[in-house]
Amino acid sequence: MFKIETPEMINKTFRLPLKLVQELQTIAQNKEISLNKLVQQCCEYALKNLDKD
């Protein structure tokens, strides 16, 4: 049987520099994804590639 699974989500507010947000918005528009999804993917990538020292 087909089952739809949704990950648990939480809302948080972060303060980011205007220039960074504008750059992220441009990338999201060019890649045709939401800004939220782009930020999520950036954070996941950064955590996976974090220097362990």
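Biologist: Is Gln25 buried, partly exposed or exposed?

Modeller: This is a predicted model, in which local features need pLDDT of at least 70, side-chain atom pairs count only at pLDDT 80 or more, and totals for chains, interfaces and linings use all residues. Residues are numbered from 1 along each chain as its sequence is written, and side-chain values use heavy atoms, with hydrogens and water left out. Buried means under 20% relative accessible area, exposed over 50%, and partly exposed in between (1.4 Å probe, protein chains only). Because its relative accessible area is 38%, Gln25 is partly exposed.

Biologist: In which helix does Gln25 lie?

Modeller: Helices (H or I, at least four residues) and strands (E, at least two) are DSSP runs, numbered from the N terminus. The protein chain has 2 helices and 0 strands. Gln25 lies in helix α1.

Biologist: How far apart in space are Gln25 and Leu35, C-alpha to C-alpha?

Modeller: In sequence, 10 residues separate Gln25 and Leu35. Their C-alpha to C-alpha distance in space is 5.9 Å.

Biologist: What percentage of the residues of the protein chain count as buried?

Modeller: The protein chain has 53 residues. Leu16, in the segment before α1 (18–31), counts as partly exposed because its relative accessibility is 44%. The share that counts as buried is 6%.
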